[in-house]
Amino acid sequence: MTATLAPPVRIGRAAVGALGMLAVATGALESVVTPTLPLLQRELDMSPAEGALLSIMLLITGALVTPVAGKFGDRYGGKRVLIRLMTVVSAGGLVSALAPNLPVLLLGQVLQGAMVGALPLSFILVREHLPAGESKVAIGVVSGLFVGGGMAGTLSAGPVAEGLSRHWMFALPTIAVIGATLLVNRLMPHDPPGRSDAAGVDWPGLVLLSGTLVTLMLVLALAPDIGSQPLVLGALVVVLAAFVTGWTAVERRAASPMVDLRMLARPAVWKSCVLTFVMCVGTSVAVYLVPQLFAVSAGEYGFGAGATEIGFFLLPGAVAASLAGPISGIGVRRFGSRAVVTAGTVIMVAALIALAAVHTEVWHLVIGKMVIALANGLCVTAMVTITATSVDHGDTGIATSLVLVTRVIGYAVGVQVSGAILTAGTPPGSDTPAEQAFVTGFAMAGAVTALSLLVVRTMDKGAKE
């Protein structure tokens, strides 16, 4: 005899509000590095390549944690896993706040990456404790508050870092995360564990993918110094090849792989992955290079902007990114997915080439970054939609996880390559890269993105409603 499970306890506005506060706090903590990266590079004496590595560590950890968090949420209950994740995030925020040097700050960012798994767990809790209609509204509210928190972090990080210190720009949102986590723990009822997955978590695949991503980033970070340390770089390339080979073999044999590589045999999936990778490379080049260009001294070719000004300059791009998802959804329904992806690709190529050619005024960079963020949102949303609708319902999670992992890799590669270009383009004895390094970065990203149009041409038009 099996016991009949009691229906989930219905939650009220206070519990949803607590999840919303947590979304705001985590969004703010996630976004503080981007506008203050030039400041962090100066204070911690980082090269552009090291700064690029710092800016992507949180994202890489998040890509690895998210699928594991989802499985644990199903097995042990969403609330229990969410609280434990936020404990790790809070520890990471405190480590980042107290960090005296780059290695400790990198450790803090790795721990903070657990926050990426928090939003899906919040959605699980909302769906568990609210009727379908109300849960959709609540999910929209929580998602919107996360975006709003990111904008707040972008705007506030500069003033806090310059007015107080870089330590407080991590400490203040971390305190908010701790407070919101305590509220969620108090107001959110426990959800019953779901059905246990007999196959369990693909721990070998997770470890090997972690090693692959970290080694890849180290290879890209050290690429500018190949002349001074060729043996180290060569050894890392060998290690990277070993990780990739081992991970591929493990994923092919795993009963429940973290990333099902067999899905890549499907044209819709591999095309979506290729396009997502290319789009995120192009976008991440702008995400990294634009703040760096803002920070270059006005006496040379830049604008001498501080962290506060950079935050304001980046805000239009954050707004455009938040609007891109709904616009893409409307476009796919009306014109089909291929039309949306084509339009987004052309817009991004034009913006990147324009930034390479013209970047002498602040508004050139503000508009360029905003257009690129919009184009990326249009394309990636359409790619996820294409992938989700091209496979069986039971394979949706597996297929979309491939796209999301590809998105992280594309973003990380683009940022790290940008940092390597600036490092290689910095004259000996100078802290400022040559202007040509920025031109090279933008032009390279534009050319790579343009090549993706060859894949777009082979896509199905996609259904229109």
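Among contacts in the protein chain (heavy atoms within 4.5 Å) between residues at least 6 apart in sequence, 81% join residues at least 24 apart. The model behind this figure is predicted, so local features need pLDDT of at least 70 and side-chain atom pairs count only at pLDDT 80 or more, while totals for chains, interfaces and linings use all residues. Residues are numbered from 1 along each chain as its sequence is written, and side-chain values use heavy atoms, with hydrogens and water left out.

On secondary structure, the protein chain comes out with 17 helices and 0 strands. These are DSSP runs numbered from the N terminus, with helices taken as H or I of at least four residues and strands as E of at least two. Of the 465 residues, 51% count as buried; buried means under 20% relative accessible area, exposed means over 50%, and partly exposed is in between (1.4 Å probe, protein chains only). The chain exposes about 20400 Å², with carbon and sulfur atoms supplying 67% of that area. The areas come from the Shrake-Rupley method with a 1.4 Å probe, and for residues only the protein chains shown count as cover.

Now to the inside. A nonpolar core is a set of buried Ala, Val, Leu, Ile, Met, Phe, Trp, Tyr and Cys residues joined through side-chain atoms within 4.5 Å. The largest one has 98 residues, and Leu 82 and Phe 442 have the most contacts inside it. Helix α3 (residues 48-76) gives this core its largest share, 11 residues. Another core, of 9 residues, lies apart from it and includes Leu 275, Val 341, Val 455 and Val 456. In soluble globular proteins, nonpolar side chains tend to be buried together. Not counting residues up to four places away in sequence, Phe 442 touches Val 285, Ala 286, Leu 289, Val 290, Leu 293, Leu 352, Leu 355 and Ala 356.

Ile 421 sits in helix α15 (residues 396-424) and counts as buried because its relative accessibility is 18%. With residues up to four places away in sequence set aside, Ile 421 touches Ala 437, Gly 441 and Met 444. Its C-alpha is 8.0 Å from that of Phe 438, at a separation of 17 residues in sequence. Asn 376, in helix α14 (residues 362-389), is buried too, at 10% relative accessibility. Beyond its neighbours within four places in sequence, Asn 376 is in contact with Met 279, Cys 280, Thr 283 and Met 348.

Thr 181 lies in α8 and is buried, with a relative accessible area of 8%. A polar atom of the Thr 181 side chain lies 2.7 Å from the backbone oxygen of Val 177. Leaving aside neighbours within four places in sequence, Thr 181 is in contact with Leu 22, Ile 83 and Met 86. Arg 84 and Thr 181 are 97 residues apart in sequence, yet 9.6 Å apart in space, C-alpha to C-alpha. Arg 84 belongs to helix α4 (residues 78-98) and counts as exposed, at 54% relative accessibility.

As for salt bridges (a side-chain nitrogen of Lys or Arg within 4 Å of a carboxyl oxygen of Asp or Glu), the count comes to 1. The side chains of Arg 166 and Glu 43 meet in it, at 3.2 Å from N to O. Arg 166 lies in helix α8 and Glu 43 in helix α2 (residues 33-43), so the pair ties together parts that are 123 residues apart in sequence. Arg 166 counts as buried, at 8% relative accessibility, whereas Glu 43 is partly exposed, at 47%.

On the surface, Leu 164, Trp 168, Leu 172 and Ile 175 form a nonpolar patch with about 400 Å² of accessible area together. Patches are made of residues with over 30% relative accessible area and no salt bridge, joining like charges within 9 Å and nonpolar side chains (Val, Leu, Ile, Met, Phe, Trp, Tyr) within 5 Å.

One backbone detail remains. Asp 45, in the loop between α2 and α3, has a phi near 55°, a positive value in a residue other than glycine. Most residues other than glycine have a negative phi. Asp 45 also counts as exposed, at 69% relative accessibility.

Technical notes
A polar contact is a pair of N or O atoms within 3.5 Å; within protein, one must be able to donate a hydrogen and the other to accept it, and residues adjacent in sequence count only if both atoms are side-chain atoms.
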